[in-house]
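Please look over the structure below before reading the briefing. The points are grouped by topic.

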Amino acid sequence: MLEQKIELALDSLIDQIKESVTYKEYHLQLERLKKEPEFYRQVNEFRQRNFELQNAPQTDNLMERVEAFAAEYDAFRQNPLVDDFLQAELAFCRMIQNINLKIMEEMNFE
């Protein structure tokens, strides 16, 4: 279990994240997307395939696969509902990554 002071600070950080414009925009876009179940399903499929592609082993044809993936989803990503969600999600993920990076840098974790 976390020490009590750390637990309180963590709860405060979580509250601050939830109050941020970035988090609120992400949830606004998520709720908009969920109102369109087919787009929501397609976005989740896109995200899953993108994750798999990014975590695939480096192979000779990886660049070709990335280009084919981008071409396949180009028109889909131009839909404002989809693009707005993906942009909001990316901003939120970057915010969380920056928080984690800052913590790791300050802890001198190697």
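**Briefing: a surface patch and a pocket**

I103 is partly exposed, with a relative accessible area of 41%; partly exposed lies between buried (under 20%) and exposed (over 50%), with a 1.4 Å probe and protein chains only. This is a predicted model, in which local features need pLDDT of at least 70 and side-chain atom pairs pLDDT 80 or more, while totals for chains, interfaces and linings use all residues. Residues are numbered from 1 along each chain as its sequence is written, and side-chain values use heavy atoms, without hydrogens and water.

**Surface patch**
- I103 sits in helix 5, residues 80-106 (helices are DSSP runs, H or I, of at least four residues, numbered from the N terminus).
- Together with M104, M107 and F109, I103 makes a nonpolar surface patch of about 440 Å².
- Residues in such a patch have over 30% relative accessible area and no salt bridge, and their nonpolar side chains are joined within 5 Å (a salt bridge is a side-chain nitrogen of Lys or Arg within 4 Å of a carboxyl oxygen of Asp or Glu).

**Largest pocket**
- The volume of the largest pocket is about 550 Å³.
- A pocket is an open set of points on a 1 Å grid where a 1.4 Å probe fits, with protein on both sides within 12 Å along at least five of seven lines; lining residues have an atom within 4 Å of a point.
- Its lining has 18 residues, and F46, N50, Q54, E89 and L90 lie nearest the centre.
- Helix 5 gives the largest share of this lining, seven residues.

**Helix 2**
- L28, in helix 2 (residues 21-34), is partly exposed at 45% relative accessible area.
- The C-alpha atoms of L28 and A88 are separated by 8.9 Å, although the two are 60 residues apart along the chain.

Definitions and conventions. Patches are made of residues with over 30% relative accessible area and no salt bridge: like charges are joined within 9 Å, nonpolar side chains (Val, Leu, Ile, Met, Phe, Trp, Tyr) within 5 Å. Accessible areas come from the Shrake-Rupley method with a 1.4 Å probe; for residues, only the protein chains shown count as cover. Helices (H or I, at least four residues) and strands (E, at least two) are DSSP runs, numbered from the N terminus. Grid points are joined across faces, edges and corners, and a volume is the space filled by probe spheres set on the points.
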